[in-house]
There are 2 protein chains.
Amino acid sequence: MKAEIITIGDEILLGQVVDTNSAWLGQLLDSLHIAVHQISSISDSREAISHALNEAANRSDLIFVTGGLGPTKDDVTKETIASFFQSKLIRDERVLEHVKSIFEKYGNGRVMPDMNYGQADVLACCEVLFNDVGTAPGMWVEYQGRCFVFLPGVPFEMKFLMEKRVIPRLSGYRAEMVIYHAHVITMGIGESYLAELIADIEAELPNHIRLAYLPKLGTVRLRLSAVGKDESVLKKETDGFARRIAIRTGEYLVAEKDVTIEEAIVERFTEDHIRLAIAESCTGGLLAGSITAVPGASGMFDCGIVAYHNRIKHEVLSVEEAVLIEFGAVSEQTVIQMAEGVKLLGGATYAIATSGIAGPTGGTVDKPVGTVWIAVSGPYETVSQLFHFRNDRQVNIERSMAQALNMLWKLYKKDSSK
Amino acid sequence: MKAEIITIGDEILLGQVVDTNSAWLGQLLDSLHIAVHQISSISDSREAISHALNEAANRSDLIFVTGGLGPTKDDVTKETIASFFQSKLIRDERVLEHVKSIFEKYGNGRVMPDMNYGQADVLACCEVLFNDVGTAPGMWVEYQGRCFVFLPGVPFEMKFLMEKRVIPRLSGYRAEMVIYHAHVITMGIGESYLAELIADIEAELPNHIRLAYLPKLGTVRLRLSAVGKDESVLKKETDGFARRIAIRTGEYLVAEKDVTIEEAIVERFTEDHIRLAIAESCTGGLLAGSITAVPGASGMFDCGIVAYHNRIKHEVLSVEEAVLIEFGAVSEQTVIQMAEGVKLLGGATYAIATSGIAGPTGGTVDKPVGTVWIAVSGPYETVSQLFHFRNDRQVNIERSMAQALNMLWKLYKKDSSK
């Protein structure tokens, strides 16, 4: 049972849109024990679409196609796939009524453009996947022993159709072999040191369990993937290895399940009834945003201050004017006062503060672009550290966020072990 | 001249990592007039790698391969590609010295793990792309009239190698035909209404100019892509059509170049010496983060407050306690006071405030998940609007951000035309 994903759209090849749909589909299919073997992004031209459908049909049993169904470009896609299946397009009256009703609701009295009638055209050979949340219907086609699923590229419409229309139909396509994953998340240790640390456990892994190292900004996610017939046996065996690895990683361990560091922090702080506050300069709100993006963050987070201007650092966070004048905004003294200020303001037990020069401008000889001070204040002490990152605004911000969360996690673990 | 991109790594197929490298490469190659025809993500297995290299070699002239070069998994990749090129692996002493020096610098006195020696192994048939910023070198291979470029998957290492090592070598591979893009960015009008509005201009487009509609969260980006031999002729012709479309879109026009709404806001506010402040509840810092992620944001932004808890709304933003008690945090009255409060606090001319229930928990019968109030306060008035989004935290947050920026842009354009 092989599945693959085809994404149609020049905007992906041109890099104007990042393909997040495939990642979402990959996760979902993996959770259903359906293995994705390839993801292809192609142009929205007849030639590319029919070439990709041919290749996929030679290679896979279950083919998901997203994109190419919007009102201004669905002609090419639908005609090409109709000819691939030696079928034709027919107008679906139920879909047409639905498209019309959407325009009546949101069109502010404007008449529905003619091109939207075409959205109700579907393959004669398909089963229509009715799209309650948008105008482009999905289509399910079984053809020469393969199954093709066509979905709109708008992420929430694609997700809606997968969840409501496709998953219930997929039961017959699940693999006989079960795939099971276990995860160990570490922070603060490099990939190769970690590999050395657990080399003897890795050497013991049987052939049907693979270990992958997934490093990202200070975190290394270890994924154990097992393939077999009996899920409960597989789970027990794989979890056993994961447990041994987790114990070995010791102080570097974040979690024994597939969570981000933000999710681990929200979960542990909520459980421990500890609250976090955040004061940001160079990270500009994204650090607070990374915490509040986690469901349930309100259980441990009340207050974030984006103090881009020194006046806000002084007036809101109570950083002393003398400190700002003598040492500057990007200094140990300032970032410590920011952390302690926001901790008090937010009534929190822990606080993080960042202040740095993200770039591309604003650097000086003494403090070049990439100079970042980070402080974390906890119940017993405030720690601070200076970083020199590279010269790209986005990377500097991402690394600052990762290091800030790393420092918070380390201090929290140290305090918890007291 | 056809290019394509192959991304190696199970983590992408499993959806555990979103492939942002390909989007970055696609943009870069497009700017160099090199057309990317396909992006493929494959498993890090021998079979998948050699199959993908074969297919790509049959189809394209220039093949970029990213990933699969980390210390814990480069064996499979490098051995497979060596056998594909009928070559072998040799140890590069200069690379080895460099890998060692990195471990001396960052290893905290620990000995370099043995596996890192393997990172200095390169194809005998390649030109080494020396990686100053990491341990995995890139490789450039010319083989049977095709050019293959192997790069590490870590984004900033990949970017470094492309910019410093690969681009200078690509001059011989640029297309004879020139590709030129022009963009018109609109906001607040749906894709099909927009298509109707400009249908007569679109009908006039010659065959060598294609128009694409790229809708995303209230914005529609129109991209005119032209192919021809003379760039200056092409530019004049395409820009002429773009200008006519831009004029036609009138009140919905954001910009006549490829910018995000955030970039347009930062540019226009900075030019007009206008400052923005942001108060956030449900968007949790991400709205401020989307503005401060734009280089130069400090030219128009001083202050953002993430007021998750009512106490912060009252104490920092001066929302009246009586209002919070009578109408609740998610209410028109509260969000207006948040906007006006942060405008005053930040000394800004414009302010945005968001307050809503992002989910998955926190909804009530009166205010279900997805209920969001947004206010924008300007120099003449404060406007507010109630939204009912869908039941997914991430989508609710993204739509709140898009609507907030849309409301800000509308009010700013209205005020500017006075």
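Tutor: B:Asp44 is buried, because its relative accessible area of 14% falls under the 20% limit. In this predicted model, the side chain of B:Asp44 forms a salt bridge with that of A:Arg210, at 3.1 Å from N to O. B:Asp44 belongs to the loop between strand S2 (36–42) and helix H3 (46–59) of chain B, whereas A:Arg210 belongs to strand S10 (residues 209–216) of chain A, so the pair joins two chains. A:Arg210 has 45% relative accessibility and counts as partly exposed.

Within chain B, a salt bridge of 3.4 Å (N to O) connects the side chains of B:Arg46 and B:Glu79. This pair links distant parts of the chain, with B:Arg46 in helix H3 and B:Glu79 in helix H4 (residues 74–84), 33 residues apart. B:Arg46 is partly exposed at 46% relative accessibility, and B:Glu79 is partly exposed at 39%.

A further salt bridge involves B:Asp121 and B:Arg91, whose closest N and O atoms are 2.9 Å apart. Here too distant parts of the chain are linked: B:Asp121 lies in strand S5 (residues 121–123) and B:Arg91 in strand S4 (residues 89–91) of chain B, 30 residues apart. B:Asp121 is buried, with a relative accessible area of 18%, while B:Arg91 is partly exposed at 40%.

Salt bridges that share partners also join A:Glu4, A:Glu55, A:Arg59, B:Glu4, B:Glu55 and B:Arg59 into one network. Over all chains, the structure holds 40 salt bridges.

Notes:
Residues are numbered from 1 along each chain as its sequence is written. Chains are lettered from A and ligands numbered from 1 in the order in which they are written. This is a predicted model: local features need pLDDT of at least 70, side-chain atom pairs count only at pLDDT 80 or more; totals for chains, interfaces and linings use all residues. Side-chain values use heavy atoms; hydrogens and water are left out. A salt bridge is a side-chain nitrogen of Lys or Arg within 4 Å of a carboxyl oxygen of Asp or Glu. Helices (H or I, at least four residues) and strands (E, at least two) are DSSP runs, numbered from the N terminus. Buried means under 20% relative accessible area, exposed over 50%, partly exposed in between (1.4 Å probe, protein chains only).
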